[in-house]
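Open the model in your viewer and keep the sequence panel beside it. This tour tells you what to select at each stop and what you will find there.

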Amino acid sequence: MSNPTPTAAVPAPSAEEHGDRQEPPARQPEATPVPLEVDLAHADGPDDDGDADSAYVSDDESRRTGSITSSIYTYEYENGRRYHAYRAGQYVLPNDDAEQERLDLQHHIWRLMLRGALFTAPLTILPAGENPGPDGDFRILDLGCGTGIWAIDMADEYPGATVSGIDLSPIQPDWVPENCQFHVDDYEDEWTYRDSEKFDYIHGRALGGTVGDWPRFYGQIRRHLKPSGWVEMQEYDAWLFSDDDSFDRAPHSQEWVKKLDSASRTFGKQLNVAAFHKQWMIDAGFEDVHEVIHRIPIGPWTQDPLLKELGRFEQVHMQMSVASHTPALLTRVHSYTPDQVQTLMEGVKREFRSKDLHLITAYRFIIGRAPSAPAAAAPAPAPAAAAPAAV
Ligand SMILES: C[S@@+](CC[C@H](N)C(=O)[O-])C[C@H]1O[C@@H](n2cnc3c(N)ncnc32)[C@H](O)[C@@H]1O
């Protein structure tokens, strides 16, 4: 769906695009987005051939040495990609080297957007031993930590914090700062942290497509935050936009986002949920809920130098993203053949490299503060029918 008028905010896909299922209302950003200004000089010359296909997308398997016998390392393989083994089948993106390279490249994009910052919540993290609480640490939980790159950077830059990362996949490095630890765990389970282990800050990034019942998820976050602790969700819209008619002229990209969205809904964990976090936080009882949206060009076609740099990275990242997001969902749910998947992926990547198209992605930073009253007052999670999988 294109976003042709400057007055139209980055919208959630319409009900029409999703068939006849009821759609939560689109959330409007606080500020009207300003159209990205095109650098006319960029249009000269051939399309960006971006070496993403060769330089960044490698299907090499990660080979761990040592005598690891746990079944969490007995990975699943499909369509030439490697998937997690613990709770196999719950999450549809791979965890192989190519995916880890994508996540680490996207980490750079997230940070570049924030001019180097790792979070947007107004946190006060004091030196080690000086934070309120029994051990003087500022306790952070990173949900779905992936390669652990965000948690490691946080621990490095804030020695007064202790950072726990959890993920279904044990793909984090062994050598990490001493104030950082990782666990293989499923955050859709009932959380078992004790009352004395409540967190000051709970962070999740790029978790679209990983949760079947978001109100329950936010209920757990709220119960495990200290009074006045912050939650932050950093999420991209699993959709594409344009200020001109580019999206309308990108048939492969249109097919891609629409099919991924419908497949993820059928699977039960919708990918395109970024626009709903703000309301989910409000519904869970968080206060001072705030959302900031960054619109990032795919390709270096804008005038603005920072956006030009971001666009260059995003063009590579989005091509890697196609290879990660597409095979499992489209073969398992929409019965695409491997050849059909390949044809679609090549078409989308070609459109991402086209100098004739000005496609845009949207990244959201949503924060909310737990009430200062004890979390025992938190409302019961909303019924599952309100979860995104059911919309
Ligand atoms: C798109 S990745 C994002 C990784 C990381 N947050 C980042 O921004 O680089 C989503 C991560 O969530 C993890 N995940 C999915 N479902 C999960 C679950 N139920 N419990 C724990 N981790 C989960 C996946 O294994 C994957 O590493």
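**The sheet.** Start with the open sheet of 7 strands, ordered β5-β4-β3-β6-β7-β9-β8 with mixed pairing. Strands here are DSSP E runs of at least two residues, helices are H or I runs of at least four, and both are numbered from the N terminus. Two strands count as paired if DSSP finds at least two bridges between them. Select β5 (180-184) and β8 (287-297): they stand at the edges with a single partner strand each, so one side of each has no neighbour in the sheet. From one strand to the next, the twist averages 15°. Angles run from 0 to 180 degrees between N-to-C directions, using axes fitted to C-alpha atoms, for helices over the stretch in contact.

This is a predicted model: local features need pLDDT of at least 70, side-chain atom pairs count only at pLDDT 80 or more, and totals for chains, interfaces and linings use all residues. Residues are numbered from 1 along each chain as its sequence is written.

**β6 and β7.** Next, select residues 199-205 and 225-236. These are β6 and β7, paired in the parallel sense over 6 bridges. Strands of a sheet pair through backbone hydrogen bonds, either parallel or antiparallel. Find Phe199; opposite it stands Leu225 in β7. Then find His203, whose bridge partner in β7 is Glu232. Buried means 20 or more other C-beta atoms within 10 Å of a residue's own; exposed means 12 or fewer, and partly exposed lies in between, with C-beta atoms placed from the backbone.

**α4.** Select 214-223. This helix has 9 of its 10 residues buried, so α4 is largely enclosed too. Among the buried ones are Trp214, Phe217 and Tyr218. Now show what covers them: the cover includes β6, β7 and α6 (277-283). Contact here means C-beta atoms, placed from the backbone, within 7 Å of each other.

**α7 and α8.** Move to residues 305-332. Helix α7 lies across β8 and β9 (360-369), running at about 85° to β8. Then select α8 (338-353). Its buried residues are Val341, Val348, Lys349, Glu351, Phe352 and Arg353. Their cover includes α5 (251-267) and α7.

**Two loop residues.** Most residues other than glycine have a negative phi. Select Ser335, in the loop between α7 and α8. Ser335 has a positive phi of about 55°, and is exposed, with 8 other C-beta atoms within 10 Å. Now go to Arg115, in the loop between α2 and β3 (138-143). Phi of Arg115 is near 50°. Arg115 is exposed, with 7 other C-beta atoms within 10 Å.

**The ligand.** Which residues come nearest to the ligand? Of the 21 around it, they are Gly144, Gly146, Arg205, Ala206 and Thr210. A residue is near if its C-beta atom, placed from the backbone, lies within 6 Å. The elements giving two or more residues to this shell are α2 (97-113) and β4 (161-167). By class, the shell holds 10 nonpolar, 7 polar and 4 charged residues. Nonpolar covers Ala, Val, Leu, Ile, Met, Phe, Trp, Tyr, Cys and Pro; charged covers Asp, Glu, Lys and Arg; the others, Gly among them, are polar.

**Zoom out.** Show the protein chain: 8 helices and 9 strands. Of its 391 residues, 45% count as buried.

Terms used:
Two residues are in contact if their C-beta atoms, placed from the backbone, lie within 7 Å.
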